[in-house]
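Biologist: I would like to go through this model with you. Could we begin with its surface?

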Amino acid sequence: MSSPAEAERRTGGAQQPNSLPAPNRPQLVPEPPDTQPKRGAGWLWLLLLGMLIGAGVFTWLDILPNEPGSAPSAVATPTVVVEPQPFIRSLRLTGTVAARESVAIRAPRLRMRSQLTLTELAEAGSFVKAGDVVARFESRELEDRVDDMTSNRVQREAQLERERAKVLVEQEAIRQQRDRAKAEYDKAVFDLRKAEVLSQIQAEILRNTAEQAKAEWQQLERELELQQDVFKRRMRIEEIDVQDAQLRYERYARDLERMVLRAPVSGLVVLEPMYKGGGQFQQASLGDQVYPGTTFLQVVDLSSLHVAASVNQVDAGAVRVGQPATVHFDAYPGIEVQGRVSSVGAIAGSAEGFGSRNAGLYVKTIPVEVAFQTKDPRIIPDLSAAVDIQLEKRDDQLLAPLSAIQRSAAEPFVFVREGKSWAQRPVELGETNEVDAVVVSGLEPGDEVALEKPAQP
């Protein structure tokens, strides 16, 4: 059982209804129930008050001026100090990087119908030297055909040698018959010398024998001459067959060599899109079948790269060969390449139409080429480029940015810092470009001008 004291603590010191206080024991006065929560809220209010005071002090220190006595400024006005600088007037053109010297690599055209399947292909963007293999096609069927032509050529050559030996044997046989006939005739002529001492019948026999030997000898002589021509024709036929076999072999051998494509010049490998069926054009890859005569690769001489651009006919008169230029690339915003105008077209090229074609609203353009003066390995063909051609340059000109020029009633003026404030000062301007204007009067070197209207001039 719990003691009365424990019961009193559990009940908070309050007496239960219908209960009487214990005799001879002083009653405890209970503390108000909201005393403890009020103490916690006081500490919380003190903490919040301290944080607010600290934030206010920090804000006050932050807005204090860096120099004593200067007026605080909520927003700083951007400024620039004008100094004598070169004034450059330029003309911007857009174009594409192209190569003046490049070699297109096409799939070979063969004398036999054969599938041209790529088994080796140079990687796009790689550099190759003249003579390096850039592509190779499957050539097993053509190799078999070359082997057949080689066997046929060897057989024809062997047949020619056999025919030559046979002709020599036949020629020698006829020559020996002729020689024997000649010998018989000579003997008959010698025997005719004894005709005076022989009987008339024997003499007649010797004369007949001599005539017969002479006729046989002369016939063999003519036959040998005729056979010489026949032999020559027979040999010519065999030689033609050998030459035909040789030509067939050489044709197929050349076709076999064409299955291996080598770079004719040193340069960059550029894969060209080609038709792959289904209305799709993609770059060639290993295992693709290429139609004969299709251009699927180019080797570009990087030393001949230039920007091919066009200039409006209105501005064409200001562009001259040899003018310096700066080239920017959309693919590489962080680089600038120096160039020089290398050629300007003599006649206008294709027109870009505005509105109706019949209305004659055309902008004629003239082609312009800009050669690179500096090299960068990231520059490759077909990159889009912007070219700033330097039309004019004058040194030691006092320039003010166009953003600093304000106008009031068409009169230009600028805001110049004078001490701790701004003063509005009229200026006289000369030529301008896309960024700056030449200040003829109104400013001095070292003046600090505002790039925008100050909040407190």
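Modeller: The protein chain exposes about 30200 Å², and carbon and sulfur atoms supply 53% of that area. Accessible areas come from the Shrake-Rupley method with a 1.4 Å probe, and for residues only the protein chains shown count as cover. This is a predicted model, in which local features need pLDDT of at least 70 and side-chain atom pairs count only at pLDDT 80 or more, whereas totals for chains, interfaces and linings use all residues. Residues are numbered from 1 along each chain as its sequence is written, and side-chain values use heavy atoms, with hydrogens and water left out.

Biologist: How many helices and strands are there in the protein chain?

Modeller: The chain has 4 helices and 23 strands. These are DSSP runs numbered from the N terminus, with H or I over at least four residues for helices and E over at least two for strands.

Biologist: What percentage of the residues is buried?

Modeller: Buried residues account for 28% of the 457 in the protein chain. Buried means under 20% relative accessible area, exposed over 50%, and partly exposed in between (1.4 Å probe, protein chains only).

Biologist: Which residues of the largest nonpolar core touch the most other members?

Modeller: Within this core of 27 residues, they are Val 97, Val 307, Val 311, Val 327, Phe 329, Val 370 and Phe 372. At least two core residues come from each of several strands, including β2 (84–99), β12 (305–312) and β16 (362–372). A nonpolar core is a set of buried Ala, Val, Leu, Ile, Met, Phe, Trp, Tyr and Cys residues joined through side-chain atoms within 4.5 Å.

Biologist: Turning to the open sheet of 4 strands, what is its order?

Modeller: The order is β3-β11-β8-β5, with antiparallel pairing. Two strands pair if DSSP finds at least two bridges between them.

Biologist: Which strands stand at the edges?

Modeller: They are β3 (102–106) and β5 (127–128); each has a single partner strand, so one side of each is left without a neighbour in the sheet. Further in, β8 and β11 (residues 295–300) run antiparallel and are joined by 4 bridges, and Val 269 has Val 299 in β11 as its bridge partner.

Biologist: Now the salt bridges: how many does the structure hold?

Modeller: It holds 21, where a salt bridge is a side-chain nitrogen of Lys or Arg within 4 Å of a carboxyl oxygen of Asp or Glu. One of them joins the side chains of Glu 369 and Arg 100 at 2.7 Å, N to O. Glu 369 is in strand β16 and Arg 100 in the loop between β2 and β3, 269 residues apart.

Biologist: What about Asp 447: buried or exposed?

Modeller: Asp 447 counts as buried because its relative accessibility is 16%. The side chain of Asp 447 meets that of Arg 425 in a salt bridge of 3.1 Å, N to O. Arg 425, at 22% relative accessible area, is partly exposed.

Biologist: Which residues are linked in a network of salt bridges?

Modeller: Arg 89, Glu 392, Arg 394 and Glu 431 form that network.
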